[in-house]
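Keep the sequence and the structure side by side as you read.

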Amino acid sequence: MSKQKKNVPEQHTAASSGLLKWIELLGNKLPHPFWMFVWISVFIVGLSAVAALLGLSAVDPGTGTEVAARNLLSGYGLRRFLEEMVTNFAYFAPFGLVLVMLMGVSVAEKGGLLPIALRTMAFAVPRKVVLPVIFIIGACGNIGSDAGVVIVPPIAALIFMQMGLHPIAGLIAGYAGATAGFTANFFIAGTDVLLAGISTDVAARIDPTMEISATANWYFMIVSTIMLGLGGAFVASRFTIPACRNLAIGDEGVKAFETKPELTALERKGLIYAGWSALAVVLVVLALLVPEGAPLRNQETGGIVPSPFLRGLVPILFFFFAIPGYVYGKITGSIKKPDDLLKLMEAGMKDLSGYIVLMLVVAQFINFFSWSRLDTILAINGAHFLEASGLTGPVMFTLFMIIVAFLNIFIGSGSAKWAIFAPIFIPMLAQLGYNPAFVQLMYRVGDSITNAVSPLYIYFPLLIGWVRKYDKNAGIGTILSLLIPYSAVLFVMWVVLLFVWYWLGLPIGVGEGIYL
């Protein structure tokens with residue numbers, strides 16, 4: 001008799017080829033992300049000891065102080081780890097954001113509102129319009145800090161499923177749009193204010209009257225948002241959607257929505273009342289935001305950027321989803337008593353159990369990297385390398401953006417990197433006649449484009465959890481092979497757009513040009 005084969009889970013792969021196929025195969029051999037981050041953390045601790053022993057350091061261009069590598073393989077490192085391990089996890093910035101946001105979304109999704117609303121929209125809007133809109137919404141999601149990264153991918157997955165497409169293709173598209181397009185927007189966001197403040201501080205050392213406003217890159221970013229929508233839709237339709245056909249899909253899959261389903265009378269009534277309740281939430285928010293001196297405005301300047309409205313956008317979105325979701329559930333019967341609301345929120349948290357466990361070690365890794373000061377030293381030396389190259393013009397612009405994009409894989413905070421880069425490159429390029437606002441613009445392109453493909457990005461583990469909800473055997477390599485085309489294509493398009501803007505000498509923002 002022949003031996004019976006063991007029941008080994010099949011490893012599903014996307015329909016990639018060439019280099020992407022190798023990346024997928026090698027990436028899928030990596031251990032579970034939890035263990036991967038454990039070993040990376042151990043490596044960082046060991047590297048910090050070697051760096052400290054060798055006296056590795058760099059001079060912070062902003063303050064002029066020496067930044068020396070700190071040995072974490074020491075009593076200092078042990079004490080700090082034991083004292084702060086719990087707080088690293090409990091106060092990890094994305095943690096509360098993700099939990100609060102998805103509890104509200106869970107009420108709308110598990111109660112039936114989101115699937116019905118998205119299904120109706122998916123069949124009402126031409127497919128050629130849906131794809132660009134997903135990317136544009138993802139890019140504009142950064143007006144609420146990281147809210148776009150949390151909310152757009154799962155909604156994109158639902159939209160794709162209602163269109164008869166693989167939900168993982170929607171997750172990848174939504175995640176790529178929200179991360180690669182993090183700095184693009186139709187509106188002025190917190191990122192504009194934060195980076196402009198650093199740029200102004202550095203530029204004032206050159207000319208005390210020089211000020212970089214939050215609208216300094218606005219014109220370019222508006223066009224960039226449209227470009228990201230078109231480029232992302234191109235990659236999704238030509239690569240992601242066909243590639244995901246090889247991936248498995250559990251339960252009902254996508255076949256249930258190959259034909260347009262009709263709404264029942266109860267579903268139609270639920271949608272109408274949910275729509276009215278959503279409008280009521282919007283009107284209440286506008287009443288608290290629009291009038292002069294409104295409580296959601298900045299109480300010192302009276303403006304909206306920055307303001308309690310933008311800082312509180314996640315809880316506002318929580319109510320925007322939870323209230324209509326509850327109304328729809330009451331109308332259709334999916335929510336019969338108040339306790340049912342809690343069950344829907346709990347169901348959403350169960351889907352996040354793997355993410356919560358993973359965040360325990362991810363939070364430690366990020367703090368280890370910061371405590372060792374290796375992140376700052378890496379960024380400073382990268383900036384000095386580019387400065388020493390002696391390159392100018394488009395070649396230097398491209399190299400600058402590539403170095404920023406490379407460092408962005410390891411250092412997630414855009415403002416922290418800009419605080420290091422700005423004191424070096426703003427004065428250097430100002431001597432060549434370039435506007436600090438233009439230097440900031442180039443930095444923002446490089447700082448955005450590799451967010452999607454960085455396994456160290458704080459939301460990448462969340463994407464893994466979402467993908468494995470639909471295909472439990474999907475590996476990191478498969479996910480990266482689906483994301484890399486977005487970063488590659490969008491980076492080329494962004495560089496071309498930048499050069500066209502440069503050669504035409506167009507204004508990049510309100511009152512700002514390329515040259516001083």
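**A guided tour of the chain**

In helix H20, the buried residues are Phe460, Pro461, Leu462, Leu463, Ile464, Trp466, Val467 and Tyr470. That makes 8 of the 11 residues of H20 (residues 460-470), so this helix is largely enclosed by the rest of the structure. Bear in mind that the model is predicted.

Now step back to the whole chain. The secondary structure amounts to 21 helices and 2 strands. The chain has 516 residues, and 52% of them count as buried. Take the contacts between residues at least 6 apart in sequence: 79% of these join residues at least 24 apart. The chain exposes about 23,200 Å². Carbon and sulfur atoms supply 68% of that area.

Turn next to the surface. Which residues form a nonpolar patch there? They are Ile272, Tyr273, Trp276, Leu279, Val282, Leu283, Leu286, Val290 and Phe320. Together they have about 850 Å² of accessible area. Helix H11 (residues 265-289) gives the most to the patch, with 7 residues. Leu286 is one of the patch residues, and it sits in H11. Its relative accessibility is 39%, so Leu286 counts as partly exposed. Patch membership calls for over 30% relative accessible area.

Follow the chain on from H11. The loop between H11 and helix H12 (308-311) holds Arg297. What is the nearest side chain of opposite charge to Arg297? It is Glu292, 7.8 Å away. Arg297 is buried yet has no salt bridge. A salt bridge needs the nitrogen within 4 Å of a carboxyl oxygen. The side chain of Arg297 does have a polar atom 3.0 Å from the backbone oxygen of Val290. Val290 also belongs to the nonpolar patch. Leaving aside neighbours within four places in sequence, Arg297 is in contact with residues including Leu288, Leu289, Val290, Pro291 and Glu292. Gly302, Gly303, Ile304, Ser307 and Pro308 are also among its contacts.

How many salt bridges does a search of the whole structure find? The count is 2. One joins the side chains of Glu84 and Arg80, with N and O 3.0 Å apart. These two residues lie 4 apart in helix H3 (residues 75-90), so about one helical turn separates them. Glu84 has 23% relative accessibility, so it counts as partly exposed. Arg80 is partly exposed because its relative accessible area is 24%.

The other pairs Lys337 with Asp340. Here the closest N and O atoms are 3.5 Å apart. Lys337 is partly exposed, with a relative accessible area of 41%. Asp340 is buried, with a relative accessible area of 10%. The cut-off for buried is under 20%.

End the tour at Asn408, in helix H17 (residues 393-408). Is Asn408 buried or exposed? Its relative accessible area is 3%, so Asn408 is buried. Its side chain makes a polar contact of 3.2 Å with the side chain of Thr450. A polar contact of 2.7 Å joins the side chain of Asn408 to that of Asn451. Beyond neighbours within four places in sequence, Asn408 is in contact with Lys417, Gly446, Asp447, Thr450, Asn451 and Ser454.

Methods:
Residues numbered from 1 in each chain as written. Predicted model: local features only at pLDDT ≥ 70, side-chain atom pairs only at ≥ 80, totals over all residues. Heavy atoms only, no water. Patch = residues over 30% accessible without salt bridge, like charges linked within 9 Å, V, L, I, M, F, W, Y side chains within 5 Å. Areas by Shrake-Rupley, 256 points an atom, 1.4 Å probe, with all protein chains shown as cover. Buried < 20%, exposed > 50% of the residue type's maximum accessible area, 1.4 Å probe, protein only. Contact = heavy atoms within 4.5 Å. Lys, Arg positive; Asp, Glu negative; His and termini not counted. Polar contact = N/O pair within 3.5 Å; in protein donor to acceptor, adjacent residues only side chain to side chain.
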